[in-house]
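This briefing is for a reader meeting the structure for the first time. Look through the sequence and the model below, then read on.

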Amino acid sequence: MAVFRRARLVSLGPEVRALGGGGRSPCSQRTFSTLDLVVRNVRVVRPYENMPVQKLDLGIRGGRFVEMAESIDPSRAAESHDAKGMLGFPGVCDAHMHVGIYQKLEPDAVQESKAAAMGGVTSMLSYIRTGQYYLDMGGPWANFLPEVMRRSEGSFWVDYCYHVAPIEHAQIKEMRSAYEDFALTSFKIFMFYGGYGLHGASDSQQQFLMTEDKYDIAHFEFIMRELSSMARDGMDVSLSLHCEIADILRAYTKKVMDEGKLSGLHAYSAARPQHSEGLAVFIASYLANETDLKNINLLHLTSKKALEAAMQMAKVFPHLNFRREVTIGHLLLDVDSCCGGQPLHAKVNPPIRPREDVEYLWEKLLEGEVDWVCSDHACCSGEQKVHQARQNDVFSAKSGFGGTEWLLPGLFSEGSRRGLSAQRVAALTSRNVAERYGLHAKGDIDLGKDADLVLLDPNESFTIRGADSPSSQGFSPLEGLDVTGRVKRTFLRGSTVYVDHGPGKYDFPAGPVGKFLKRPYK
C-alpha cells in the first residue's frame, strides 16, 4: 500500500485514487473539482483479504465514487457527512429475494425495499415467475415481463433486478428476448415444483403453476440447452437451481406424517431430507455438463450432504463454473431455535436443519467454499404464515420468511465471533454477487463504482425484534437474537436512503429512488 502524501491521495492498488468527469484518468486540477458529497472518516472495507481496512474520505459525484483520499476538503462538496470512524461496507447485493410473493408486488416492493435499506442492501435481486403468487399470471413472458416492470417502477427504495424462471415450455424460447429486451441474464429452475407444493405435498402443481405443461427433468434439460446456445452466442447468462427432488419429498413427508413422532422444524427437516438436496445437486450438475452450460448457481444449500455434493461436482466437472449459496437463516437458526416462541415462523424451503449441519456450513464458509450469503427474503405476515386453526402444524404453515434487514448485521456479528474478516463479509454479501450477476458497477468501494455505501457501527449491540423493522412481516424467526454491528446509514448512488435513530426509529430520506439494473450494469 502506498500513500502519496503530497497529493493526499491514497493508492489501494495500481490505480490513481481520483477520477475526473466520466470516469477518465484525472488531470491534477480535476482532483480538486466540485463534489456532490464527501463522506469523511470512513474505515473503508474492501472485499479483498489483502486490502487492510483503511480510514479514508470518499468523494462522490454523479452517483459514483470519484475520490478516495486520506483527507478531502469538505468545502469542495455540496454536502458532507462525518462517518466518525464507522466501518464502511460496499452496498450489499442481496442475491436471493422474492418480492411480491405473498402480497401485491407494488406494496411489497415499497416495504421490503425499505427493510433492505435498513440492512445496508442497495441492490435487490428478486426471483419472479408466472403461476400462482407473484402476479397470479400465466402465459407468455411477452405479456408477463412488461407488467412486472410496470408495477416495479417507482416502488423500490433501493436498486433492483430480477431472475426469472421458465415455467411453461414456450417460455424457454423467450429467454433470448428476456435477455435482449429486458436485460435479464439469470434464470432459475425450482427442481421440486413438478411434483411437490410450495408449502408441502400437493397433487395440483399444474394448477399452481398455471400451465398444462409438465415441469420435469426434461424441461430442465431444455432450459439448459437453450441457455447454453445463448452463451455460445456471447450472452453472459447463468442458471440458478433450487435443488430438491419431489419424489423424495413426497415419500418422506408421508412417512413423517404417518409416524407422527416429530413436530415443528424437526418434522419439516425430516420430511425434506438432506440427501434430497444432494441428489438434486448431482442431477443438476450432470445436466449442466451434458448441455455444456458453464455458469451454474446452486442455491440455498442447507446441509452437509448438499454442500459436500456441490463440492464433489466441482471436482467431477472442473470445466463448469459453479457458485454455492447459503442463506443467513440457515447460518443463524437450527431446528431447536425458539424463533420468538413460534418455531413455525422459520418454516422455509429447503428447511432449517439440525445444529451439526449449521456448523458444517460455517466450517466450509470459513474455508472459502461458499461464494455468497443471501437472505432468501420472502415477506409473509404472521396472519398468512401460520394456519390459525392449526398453529402447531408445520405442514399447514406457509414457507419462507423475510430477513434482508438482518443479513449484513447477522453475518458480521456471528462471523466476527468465528473469525470471519470484515473483508470476507464484504465479498460474501457484495462483490461475489455483483461479479456473478453482471452488476459491474456494484460490489466494491472503488473509483468509478456506484457510490453504494453502508456505515456500520461494529460496537453497537442490539436484539433483533421484528417490530423494529419496516417490513410488513411483523415478526422475525431471529426474534431475540443478540447481534453486534448495527447499520447506521445507507447510501445508494450517493443519496442517503436509510438513517438509524435507535431501536425502531429510522427514516428513509431519499424516497423511492431505486432503479431497475439493466445487466450488464456498468
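In helix H8, the buried residues are Gly264, Leu265, Ala267, Tyr268, Ser269 and Ala271. The model is predicted.

**Helix H8 and its cover**

- Helix H8 spans residues 264-271, and six of its eight residues are buried, so the rest of the structure largely encloses it.
- Among the elements covering the buried residues of H8 are helix H7 (246-259) and H9.

**Helix H9 with helix H10**

- Helix H9 covers residues 274-291 and helix H10 covers residues 304-316; the two pack at an angle of about 20°, with their axes 7 Å apart.
- Because an angle under 35 degrees counts as roughly parallel, H9 is described as roughly parallel to H10.
- The crossing of H9 and H10 is right-handed.
- On the H9 side, the residues in contact are Gln274, His275, Glu277, Gly278, Val281, Phe282 and Ser285.
- On the H10 side, they are Lys305, Ala306, Ala309, Ala310, Gln312 and Met313.
- Sorted by class, the contact of H9 with H10 holds six nonpolar, five polar and two charged residues.

**Helix H6 with helix H9**

- Helix H6 (residues 217-232) also meets H9: their axes come within 9 Å and cross at roughly 40°.
- H6 and H9 are therefore oblique to each other.
- The crossing of H6 and H9 is right-handed.
- H6 contributes Ile217, Phe220, Glu221, Met224, Arg225 and Ser228 to the contact.
- H9 contributes Ile283, Ala284, Leu287, Ala288, Glu290 and Thr291 to the contact with H6.
- By class, seven nonpolar, two polar and three charged residues make up the contact of H6 with H9.

**Cysteines**

- With a cut-off of 2.5 Å between cysteine sulfur atoms, the count of disulfides is zero.
- Cys161 is in no disulfide, and the nearest cysteine sulfur, that of Cys93, lies 8.5 Å away.
- Cys161 is buried, with a relative accessible area of 1%.
- Cys380 is likewise in no disulfide; the nearest cysteine sulfur belongs to Cys379, 7.3 Å away.
- Cys380 has 0% relative accessibility and so counts as buried.

Note on methods:
Residues are numbered from 1 along each chain as its sequence is written. This is a predicted model: local features need pLDDT of at least 70, side-chain atom pairs count only at pLDDT 80 or more; totals for chains, interfaces and linings use all residues. Side-chain values use heavy atoms; hydrogens and water are left out. Buried means under 20% relative accessible area, exposed over 50%, partly exposed in between (1.4 Å probe, protein chains only). Axes are lines fitted to C-alpha atoms, for helices over the stretch in contact, and angles run from 0 to 180 degrees between N-to-C directions. Helices (H or I, at least four residues) and strands (E, at least two) are DSSP runs, numbered from the N terminus. Angles under 35 degrees count as roughly parallel, over 145 as roughly antiparallel, 65 to 115 as roughly perpendicular and the rest as oblique. A crossing is left-handed if the near helix is turned anticlockwise from the far one by less than a right angle, and right-handed if clockwise. Contact means heavy atoms within 4.5 Å. Ala, Val, Leu, Ile, Met, Phe, Trp, Tyr, Cys and Pro count as nonpolar, Asp, Glu, Lys and Arg as charged, and the others, Gly among them, as polar.
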